[in-house]
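Please work through the exercises below with the sequence and the 3D structure open beside you. Each task sentence is followed by a solution that goes step by step.

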Amino acid sequence: MRFDPSPLVLPWRKPSKSARMNDKTKPQEKRGGWLSRFAPGVRKIVSRRDTPDNLWVKDPDSGEMLYRSDLEAALWVTPSGRHMRIDAPTRLKATFDGGVFQSIDTPDVPEDPLKFSDGKSYKDRLNAARKAAGRKDTMAIGYGSVGGQDAVVIVQDFTFMGGSLGMAAGEAFIKAAREAVSRKVPLVCFTAAGGARMQEGALSLMQMARTTLAIEELKDARLPYAVVLTDPTTGGVTASYAMLGDVHLAEPGALIGFAGPRVIEATIREKLPPGFQRAEYLQEKGMVDRVVTRAELPRTLGQILSMLMGGTRAAA
């Protein structure tokens, strides 16, 4: 009987380190079987898919999670009736009949004339806001049919630096007013602002007077000027073109005022009544002519503007 010099490996004995190393160097046999033929396809079916971050939106009032596409179809009005803030392109599309309108470019203005910085330069803040919004400033202008009546519409976008009133916004308003005069159609303004843009100092405050003069040009041409107050409309915008319309409509629940309610309470040291500075409260006090839901705004605006234009044509 011939003796085998290799060490005896018993089933219950752990292989030596050298034996394990030799096993690793050997080519591994590929696992086969019928399941391996289907595994790649199964992995594709059940592979993890990334869910978009903005697929769901939380209702600010009820806390309910709303499907984004349903909210967009409802013009960003929640089941609880909250009219959420929308950007300028969405507003223009929702206002004009069939979402069809002619876009009007806003004028260029000097950037950062005061070289303002609050730890971050105004120019950098502008560039960041422009990159996020995809346009030059807070105002957007369109021309088309609103409820069957041709009109120029200017929209103030709160998502662009809080809709703050600066030189660009003032120039855009003047451009919109003059477009309305040249086309002989009404002007509609959707307001949404936290006030004047502090980075432009007195230059932003001057826009209050300049926009007022532009409204006088509309009045001289006997053309209607309608204002739709959206959430929020405050500060210098309220103190100027937001309150100089021939008719003032407002969206439900919109905050409208000059100073905020907390500032007023701290100043007068009294508790304000429920709903103070909200659209419904201001309608009761006569500051707002009518509170209109977002879906009804185009039809309501068309009826009012058509009636006012009819009176203008009769007077002419």
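Predicted model: local features only at pLDDT ≥ 70, side-chain atom pairs only at ≥ 80, totals over all residues.

Residues are numbered from 1 along each chain as its sequence is written, and side-chain values use heavy atoms, with hydrogens and water left out.

**Exercise 1. Classify the ring pairs Phe96 with Phe101 and Phe276 with Tyr281.**

Step 1. Rings of Phe, Tyr and Trp (its six-membered ring) pair if their centres lie within 6.5 Å, and planes under 30 degrees apart count as stacked, those over 60 as edge-to-face and the rest as tilted. The structure holds 5 aromatic pairs by this rule.

Step 2. For Phe96 and Phe101 the ring centres are 5.2 Å apart and the planes stand at 20°, so this pair is stacked.

Step 3. For Phe276 and Tyr281 the centres are 5.7 Å apart and the planes stand at 65°, so this pair is edge-to-face.

Step 4. Phe96 is buried at 2%, whereas Phe101 is partly exposed at 29%, and Phe276 is partly exposed at 24%.

**Exercise 2. Find the residues with the most contacts inside the largest nonpolar core, and the element that gives the largest share of this core.**

Step 1. A nonpolar core is a set of buried Ala, Val, Leu, Ile, Met, Phe, Trp, Tyr and Cys residues joined through side-chain atoms within 4.5 Å. The largest such core has 36 residues, and those with the most contacts inside it are Val152, Ile154, Phe173, Leu187, Tyr225, Tyr241 and Ile256.

Step 2. Assign the elements, bearing in mind that helices (H or I, at least four residues) and strands (E, at least two) are DSSP runs numbered from the N terminus. Elements giving two or more residues to the core include β4 (139–146), β5 (149–156), α6 (167–183) and α7 (202–220), and the largest share, 7 residues, comes from α6.

Step 3. Return to the rings: Phe173, Tyr225 and Tyr241 are linked into a cluster by ring pairs.

**Exercise 3. Which residues other than glycine have a positive phi, and which two residues does a cis peptide bond join?**

Step 1. Gln277 has a positive phi of about 70°; its place is the loop between α9 (261–268) and α10 (279–284), and it is buried, with a relative accessible area of 6%.

Step 2. The cis peptide bond joins Asp231 and Pro232, with omega about -10°, and Pro232 is in strand β7 (residues 225–233).

**Exercise 4. Describe how the salt bridges of Asp108, Glu111 and Glu171 connect parts of the chain.**

Step 1. A salt bridge is a side-chain nitrogen of Lys or Arg within 4 Å of a carboxyl oxygen of Asp or Glu, and the count by this rule comes to 17.

Step 2. Asp108 meets Lys136 at 2.9 Å, N to O. Asp108 lies in the loop between β3 (102–104) and α5 (122–133) and Lys136 in the loop between α5 and β4, so the pair ties together parts that are 28 residues apart in sequence. Asp108 is exposed at 65%, while Lys136 is partly exposed at 34%.

Step 3. Glu111 and Arg130 meet at 2.8 Å, N to O, and they link the loop between β3 and α5 with helix α5, 19 residues apart.

Step 4. Glu171 and Arg210 meet at 2.9 Å, N to O, and they link helix α6 with helix α7, 39 residues apart. Glu171 is partly exposed at 25%, and Arg210 is partly exposed at 29%.

Terms used: Buried < 20%, exposed > 50% of the residue type's maximum accessible area, 1.4 Å probe, protein only.
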